[in-house]
There are 2 protein chains.
Amino acid sequence: MDTETKQPQELRIVAATVATQIETVMRADLEVALAGCDPLLIEVLQYSLFNGGKRIRPLLTVLCSRCCGRDDDALYLLATAFEYLHVATLMHDDVIDRAEQRRGQASVTARYGIAAAILAGDWLHARSMHLIGRLTGAEGLEIFCQATASMVNGEFEQLRYVGDTNTEERHYFAVIRQKTGNLIASTCAIGALFAGAEPAQQHALATYGDNIGAAFQVVDDLLDFLGDTGATGKKTGNDFIEGKITLPLLHALSRADTGTRQTIEALMRGDRTQPEAYAHLYALIDRLDGFNTAEQTARQLVDTALDALAIFSASDQEREHVALLKELACYILARKK
Amino acid sequence: MDTETKQPQELRIVAATVATQIETVMRADLEVALAGCDPLLIEVLQYSLFNGGKRIRPLLTVLCSRCCGRDDDALYLLATAFEYLHVATLMHDDVIDRAEQRRGQASVTARYGIAAAILAGDWLHARSMHLIGRLTGAEGLEIFCQATASMVNGEFEQLRYVGDTNTEERHYFAVIRQKTGNLIASTCAIGALFAGAEPAQQHALATYGDNIGAAFQVVDDLLDFLGDTGATGKKTGNDFIEGKITLPLLHALSRADTGTRQTIEALMRGDRTQPEAYAHLYALIDRLDGFNTAEQTARQLVDTALDALAIFSASDQEREHVALLKELACYILARKK
């Protein structure tokens, strides 16, 4: 998740401040946890963790805890755990996808090899669970581990639907909620749990996280078609090449007549690396209004996320943090990269 | 770790009984944890977990808890967590080593691909921590996560010493204690913690585990030279081909005169896939008594493990479980595969 585009000023300041605090805490935590460790392990972890990431997950943990009235030093250590897990996931993903690049530089697997990427990912995974268990006990750990397990299941389900034009919208949403929504929800829920929130607040923040996570993924899938390569740093059309059936295509399929559906199916079965095939699919989705309806869906998800925050109406101080969560949700729709 | 060879009858019966209980609990746990999950994820986990493993790690947890007076249903679920982590480690190792085979059948990565092996390993890693956190709280989780982090560091250090004939014995032991000793120690210590053992008992069992883990690794390194391929199912000489400097070689190097050391260095730098090079190294180690002294070292490690158990002398019932731990330690020296 990236927040640079059109972010309201207040959110931008808070995001930057929290990011700085998180990086300070990460460095301090690594110094303790890596004392006496192998220099290469230290180098790989530094390389993967300090590369300009926007620290959105820790920001969510911090804001959710603040909404529920807690803001202390330990919160930033807890928030760090979510960045660790996120980076662990990216390292393993890049091994799986044989990705050469990550955030404009060589991926860990490309630069240090598969062994380093898998093992350093495992190290971060263990460290993140250690911190969450220490700071939020078995209850936090259960939320977190279930989200991790669900993420893995989402990856397996996604593999199952590759190239399958019979994929239904509910399959798509099951995958994105498992891959992205649940983890963002756990990030928020554990922040609330840490602050000793009421179950209703914890549930509301989990719902918020689940829906902004899903919205984020829908926008990501839209940007794979509509994104400005200069801004995103990624080529468009990757999902088509990989055979991923995403929401714009699903919306188009749901409106296609028999002939058009057959054309789309033929494109999915054919050589998907051909630029003409991609241009053809793009034009069909556009004509069938797939992009606009997917954008509406993202908007609805954000609305659901905002609705969930309605239970927060207590003190002025909390209201300020809730307002930032709302801005963050709205920003997701506006992001261009 | 494998226990078939020359195992005393009583240990064999207990090991088989515990293995059966563990498999029953694993199946029940997976049924809950994998409810509604992707069929391929379920298949991969079943394939990797139920393939004739000897369940030595869970056996250690069970025996250590019993030594400290606790034996109930939850113990077997806790013990299962160590088998999960072990299998997760094997899956990731096989991706790193591009291993085609595991226990005489296709490895997960060979059969289901890299993505399945990495992701299913992550799933088991998360599940094992979840169980340990739930059953032993932050204290158990801390022991466990530190052992996992240390294992990763041991792998990095091992990579650093590949082919380096200036490796010292203390480097070798640092690597094997981190890669094997610490995790076995945590398996034992968490069993004790679960039973509410006194710190002294927990410490004694951790020392026992650390030393049998190290002894196991020394024997493993010896079998890489001396093993009967028919019994072990592995070719000998793999460590030489991979450039691993193990204890028999280190002992030989410590006794070699300048000329012999230069010969060994030349062999390590040369084409290590040549059978003649391996035969030459083997003969040099044998002549310099490297195999016998490494075996003595393994014996000393087992003695240290047995000494640590001396604090257990309470009831007859505990004595029975302690006796099994002793038999298991001695068996490590006798194993031929």
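Where is the place of Leu63(A) in chain A? I found Leu63(A) in helix α3, residues 56-67 of chain A, where helices are DSSP runs of H or I with at least four residues, numbered from the N terminus.

Before going on I noted that this is a predicted model, in which local features need pLDDT of at least 70 and side-chain atom pairs count only at pLDDT 80 or more, while totals for chains, interfaces and linings use all residues. Residues are numbered from 1 along each chain as its sequence is written, and chains are lettered from A in the order in which they are written.

I then looked up the burial of Leu63(A), which is buried because 26 other C-beta atoms lie within 10 Å, the cut-off being 20 or more, with C-beta atoms placed from the backbone. Leaving out residues up to four places away in sequence, I recorded that Leu63(A) touches His321(A), Leu324(A) and Leu325(A), contact being C-beta atoms within 7 Å. Asp257(A), by comparison, is 194 residues from Leu63(A) in sequence and 47 Å away in space, C-alpha to C-alpha.

Next I turned to the contact of the two chains, to which chain A and chain B each bring 35 residues. On the side of chain A that touches chain B, α2 (39-49), α4 (73-96) and α6 (114-161) each supply at least two residues, and α6(A) gives the most, with 27 residues. I divided the residues of that side into 20 nonpolar, 7 polar and 8 charged, counting Ala, Val, Leu, Ile, Met, Phe, Trp, Tyr, Cys and Pro as nonpolar, Asp, Glu, Lys and Arg as charged, and the others, Gly among them, as polar.

Key:
A residue is buried if 20 or more other C-beta atoms lie within 10 Å of its own, exposed if 12 or fewer, and partly exposed in between; C-beta atoms are placed from the backbone.
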